[in-house]
Structures are given as structure tokens and as C-alpha cells.
Amino acid sequence: MELTNIPYLASSSSSSIFYSSYSRCTCRGKKAGNLVITASAAGGRCAADLACSQLVEQENKDALSGPRSSWHYRRREFASAILLPFLLPHVDVSSAAETYNESIIRSGVRTVLTKAKAAGVLRLVFHDAGTFDVSDKSGGMNGSIIYEVDRPENTGLNRSIKILGKAKAGIDDIQKVSWADLIAVAGAEAVALCGGPEIPVRLGRLDSSTADPAGKLPEETLDAAALKTLFSTKGFSPQEMVVLSGAHTIGGKGFGSPIVFDNTYFKVLLEKKPQTSSSGMEAMVGLRTDWALTEDDECLRWIRIYAEDQARFFDDFRDTYIKLVDSGATWRTA
């Protein structure tokens, strides 16, 4: 069998990139102008090969004996049911903790993710990774957010955890996936689902067994200078801080459509209109920290760049997201 190892998982719906190796038996043949199953695989014969051969032999007999009876149909359906596990990507359960099948993780996330839930899932990424501190390498993308939902800054995130928990249960039945990896992949899928860039995510993060230190996330009352200082302690430049803030383009913060990931966030910040919602209500559009960015010359320069160039925003967001979800991660060793 050909084994492929690629250390990055793409969030693209058309991608078929695998982090871990898997085995596949390719079965194809023809009979009377219709495809039937025959077995061929590199190397020794597997159980699927034998079953395939037996099925083909029976099909050939059926072709010579005229119309098939209902008994023949039932026999073929039974054989197909036996073959199905061999025709799917193989996952060695005994080594599931060390191996990953990209399609299983991605498909699991997509069974529970919708555009309406995307903003909450993306927020989960920021609040898990946002505890990172470069000075002592504490915190970061380690799945500890599941122990931190009772903190005021994480209000509402229990809903997103429950959503991903459903996906995790299904994925774990096939291969084990850490919360850290699952959240990182889910955030990338949330961005792509809403029309944003496709983001590759490296796999292999280990989960923390305890909560990260509290008080590491930015408070909503901070001004631009304080925000720049805080983000620098996490290893991010002012430009990276601005591009990550662009994630507020989705959700209920009032920056354009809540389910479309684009550069509307930056355009709204440049309008400098009264900060009320589009419905005319007094509810503030965005957070105080969003508008604080416009009061800093360096941040304002990047806001203007991204307001004019959505492709640049997408490229920079992709790169900074990768940096974010790798921050503070402890990686599984081979």
C-alpha cells in the first residue's frame, strides 16, 4: 500500500490531505457494461481481496444464468455489507492516539457546524489560545478552555463546547482527537464556511489536564496602547493584533452580515459613524476595544489596508491564525 504522511491538514472542502497514513484496497472491474467489484492491491492479499474475488466469481455465474433471483440479490447485498469496512480508509484503532485521518476530523466537525454557530466556535479558539504568555510559555492552544467556562470572560462558550463535544464523540469512536486539535480545526472550518480563507492546521496537540491561569485575555475597557502591550506578551505584533480583530466581522457584533467572513469590519471602523446598530437601536456596534484600534496611528494604517484589500486581509488572517493555534501547544512526539 502507498503510505502518505503530510503534517498539515487543510480546511478546504475539496482537500484530501492526510496527516497520517492509511491503507486502501482499490476494487474495480466490468461486467456487461456495468461496474462490479474486483480486488487489486499492492503487496499481499488482504481479507477484502478474498471477499472481492468471491463476489466477482458469483457475479460471473449470475451473468450466465439469466435473471437473478431475489436470493442472489440478498447474497450480493450481504457481501457488500461485509466489504464496506475494507473499502473505507483504514484506521488502526490500537494506534489511533498517534494517527490522524483528516477527512474523519473534518467531516465530524461539519456534521455539527453551521454558519450560525461559526462565530461561537471561532471565539472558542481565541479564548483557548489567548491565554498564552511568551515569558513563561504558559497557556496557549491546549484545550484547557473546557475547564474555564465558568469564568466571566468565557460566558456562553459552554454552548460551543457542547457542539464540538458531539463531533468529538463520533470522531473518538474511530480515532482519538485532542480538544486542542479539534478546536483549532473547527475554527478554521468556521472561517471557511462563512466565506473566509481556507486555513491549514497542523495536528498533534496534546491537551492540558488543568485550567490555564486566569486574567490572560484582553479586557473590553483597554485602550490601543494597553492592547498592543498585552498582545506583545503573547508574541503578536500590532499588525497581527489588528488582523485577528477582523474575526469580529462574523457574529452579532454588528459588523455587516453575522454569517459572512469578509473585510466589512475594517470598512465600518473607518466610517466613524455613531456606534449604533444598523437597526437604529442604541446597542453599540462591536466592542470598545474594536474602536480603540482606530485611535492608534499604527493600527489605523492596517485597518485602512485591510478595508481596501480583502485578499490581503485573508492572506494575513490565515497566517496569523496558524500562529495563534500553534501558540503554547505541546506536540505529540512520534
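Glu148 is buried, with a relative accessible area of 1%, where buried denotes under 20% relative accessible area, exposed over 50%, and partly exposed the range in between (1.4 Å probe, protein chains only). Glu148 pairs with Arg151 in a salt bridge whose closest N and O atoms lie 3.9 Å apart; a salt bridge is here a side-chain nitrogen of Lys or Arg within 4 Å of a carboxyl oxygen of Asp or Glu. Arg151 is likewise buried, at a relative accessible area of 16%. The model is predicted, so that local features need pLDDT of at least 70 and side-chain atom pairs count only at pLDDT 80 or more, while totals for chains, interfaces and linings use all residues. Residues are numbered from 1 along each chain as its sequence is written, and side-chain values use heavy atoms, with hydrogens and water left out.

The chain has 334 residues, of which 46% count as buried. Its secondary structure comprises twelve helices and four strands, taken as DSSP runs numbered from the N terminus (helices H or I, at least four residues; strands E, at least two). Among contacts in the chain with a separation of 6 or more, 66% involve residues 24 or more positions apart, a contact being heavy atoms within 4.5 Å.

In total, 13 salt bridges are present in the structure. Asp181 and Arg205 form one of them, with the closest N and O atoms 2.7 Å apart. This pair links distant parts of the chain, 24 residues apart: Asp181 belongs to helix H6 (residues 179-193), and Arg205 to the loop between strand E4 (201-202) and helix H7 (224-232). Both Asp181 and Arg205 are buried. A further salt bridge joins Lys323 to Glu240, the closest N and O atoms being 3.1 Å apart. Lys323 is partly exposed at 33% relative accessibility, whereas Glu240 is buried at 14%. Salt bridges with shared partners join Asp181, Arg205 and Asp326 into one network.

Helix H8 also packs against other helices. The axes of H8 and helix H11 (residues 297-308) come within 9 Å and cross at roughly 50 degrees; axes are lines fitted to C-alpha atoms, for helices over the stretch in contact, and angles run from 0 to 180 degrees between N-to-C directions. H8 is therefore oblique to H11, given that angles under 35 degrees count as roughly parallel, over 145 as roughly antiparallel, 65 to 115 as roughly perpendicular and the rest as oblique. From H8, the contact involves Pro238, Gln239, Met241, Val242 and Val243, and from H11, Glu298, Cys299, Trp302, Ile303 and Tyr306. These comprise eight nonpolar, one polar and one charged residues, with Ala, Val, Leu, Ile, Met, Phe, Trp, Tyr, Cys and Pro counted as nonpolar, Asp, Glu, Lys and Arg as charged, and the others, Gly among them, as polar.

The axes of H7 and H8 likewise come within 9 Å, crossing at roughly 100 degrees, and H7 is accordingly roughly perpendicular to H8. Leu227, Lys228 and Phe231 of H7 meet Pro238, Met241 and Leu244 of H8. By class, five nonpolar, no polar and one charged residues make up the contact of H7 with H8.

The loop between helix H4 (115-129) and helix H5 (157-172) contains Lys137. Lys137 is exposed, with a relative accessible area of 58%, and has a positive phi of about 60 degrees although it is not a glycine. Most residues other than glycine have a negative phi. Met141 is found in the loop between H4 and H5 and is buried at 0% relative accessibility. The C-alpha atoms of Met141 and Ser327 are 6.0 Å apart, although 186 residues separate the two along the chain. Not counting residues up to four places away in sequence, Met141 touches residues including Val125, Ile183, Arg205, Leu324 and Ser327.

Asp212 is placed in the loop between E4 and H7 and is buried, at 6% relative accessibility. Asp212 and Thr131 are 81 residues apart in sequence, with a C-alpha to C-alpha distance of 6.8 Å. With residues up to four places away in sequence not counted, the residues touched by Asp212 include Thr131, Asn142, Ser144, Glu148 and Arg151.
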